[in-house]
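Here are my notes on this one, jotted down as I went through it. Have a look at the model first, then read on.

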Amino acid sequence: MKRYLSIILLAICFCFNLPATGQAGSSIIRDDLSKFFTGYEGTFILYDEDSDRYTIYNEQQSNVRLSPCSTFKIFNSLIGLESGVLDQEDVFTLIKWNGQQYPYPAWNRDHTLASAIANSVVWYYREVARRVGTGRMEDYINKLHYGNQDISGGIDQFWLGSSLKISAREQVELLQQLYNDKLPFAPDNMAVVRKIIVLTASNDLVFSGKTGSAYQDGHYSLGWFVGSVEKDGHRYFFATNILNGPDAHGGKAREISKLILKELGLL
């Protein structure tokens with residue numbers, strides 16, 4: 001009897017294009033979105049919360065785990081707040097610049113949490129992670145079920161082209177939990193993180209997101225852009241990554257994401 005029930009469940013998943021893992025949500029595969037990825041190996045996945053539906057380009061890659069790079073700053077911020085290393089009042093999140101010169105002028109000064117995420121300041125978040133410490137960081141990563149949950153690459157670099165890896169689909173799932181206060185963290189801390197990743201806001205549209213880039217052997221090798229769109233009372237979560245192309249960095253992933261979101265009528 002159990003065998004027949006399993007067969008029926010698999011048939012239902014196949015007919016409605018549901019993941020066999022039991023996760024709800026139908027999928028629309030949009031191969032036509034390939035026009036936005038010319039020259040890159042990439043994926044785009046969007047979850048429409050109201051209709052419980054995914055829109056996906058390159059479904060296979062949407063499930064491949066890659067280094068999160070600076071998109072991890074979203075959850076590094078949350079962990080910093082939850083651990084008490086950072087404070088909900090931005091003025092109390094100031095970390096002094098140590099004087100080391102970086103190629104990005106905006107990094108060469110003191111930063112608070114809000115300014116550090118806006119300027120994607122790597123040294124700031126490396127310091128936050130060091131202050132959190134390996135033991136606590138590992139506990140928080142496990143609570144989040146963040147990708148492969150592997151921080152063995154070093155407390156201040158495990159997310160920077162190192163041991164920690166996550167898929168585009170998992171990025172979307174975590175964002176949805178963040179925005180619905182479904183993570184095992186204080187709601188006030190989750191609210192702070194949602195606030196600091198807002199890029200543009202108007203009466204009927206709030207566009208939020210974070211880029212991530214991997215730089216290797218003298219060139220960019222991976223670009224991410226993940227985030228959310230809140231429009232006319234509806235909410236959507238998305239993730240894009242690109243590989244193996246010219247300037248495969250977060251800025252390009254953001255550009256591609258915005259073009260797709262406009263095509264879908266969300267921007």
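This is a predicted model: local features need pLDDT of at least 70, side-chain atom pairs count only at pLDDT 80 or more; totals for chains, interfaces and linings use all residues.

How many of the 8 residues of β2 are buried?

1. Quick housekeeping first. Residues are numbered from 1 along each chain as its sequence is written, and side-chain values use heavy atoms, with hydrogens and water left out.

2. Back to β2 (41-48). 7 of its 8 residues are buried, so β2 is largely enclosed by the rest of the structure. Buried here means under 20% relative accessible area, exposed means over 50%, and partly exposed is in between (1.4 Å probe, protein chains only). Helices (H or I, at least four residues) and strands (E, at least two) are DSSP runs, numbered from the N terminus.

3. Now the sheet. It is open, has 7 strands in the order β1-β3-β2-β7-β6-β5-β4, and its pairing is mixed. Two strands pair if DSSP finds at least two bridges between them. At the edges sit β1 (26-29) and β4 (198-201), each pairing on one side only. On average, neighbouring strands are turned by 15 degrees against each other, direction ignored.

4. Who pairs with whom around β2? With β7, β2 pairs in the antiparallel sense over 8 bridges, and Thr 43 has Asn 241 of β7 as its bridge partner. With β3, β2 is again antiparallel, over 5 bridges; there Phe 44 has Tyr 57 as its bridge partner. β1 and β3 (residues 53-57), by contrast, pair in the parallel sense over 4 bridges, with Ile 28 standing opposite Thr 55 in β3.

5. Helix α7 (residues 168-179) packs on this sheet, touching β1, β2, β3, β5, β6 and β7, and its direction makes about 150 degrees with that of β7. Contact means heavy atoms within 4.5 Å. Axes are lines fitted to C-alpha atoms, for helices over the stretch in contact, and angles run from 0 to 180 degrees between N-to-C directions.

6. Two backbone spots to check. β2 and β3 form a hairpin with 4 residues between them, and Asp 52 in the turn has a positive phi of about 55 degrees, although Asp 52 is not a glycine. At 27% relative accessibility, Asp 52 counts as partly exposed. Asn 244, another non-glycine, has a positive phi near 55 degrees; Asn 244 lies in the loop between β7 and α9 (250-263) and is exposed, with a relative accessible area of 59%.

7. Next, α3 (residues 73-83) against α5 (residues 122-132): the angle is about 40 degrees, with the axes 10 Å apart. The two are therefore oblique to each other (under 35 degrees counts as roughly parallel, over 145 as roughly antiparallel, 65 to 115 as roughly perpendicular, the rest as oblique). Their crossing is left-handed, that is, the near helix is turned anticlockwise from the far one by less than a right angle, with clockwise for right-handed. The contact includes Ile 79 of α3 and Tyr 125 of α5.

8. Finally, α3 and α8 (residues 187-196): the axes come within 9 Å and cross at roughly 145 degrees, and the crossing is right-handed. Among the contact residues are Leu 78 and Leu 81 of α3 and Met 190 and Val 193 of α8.
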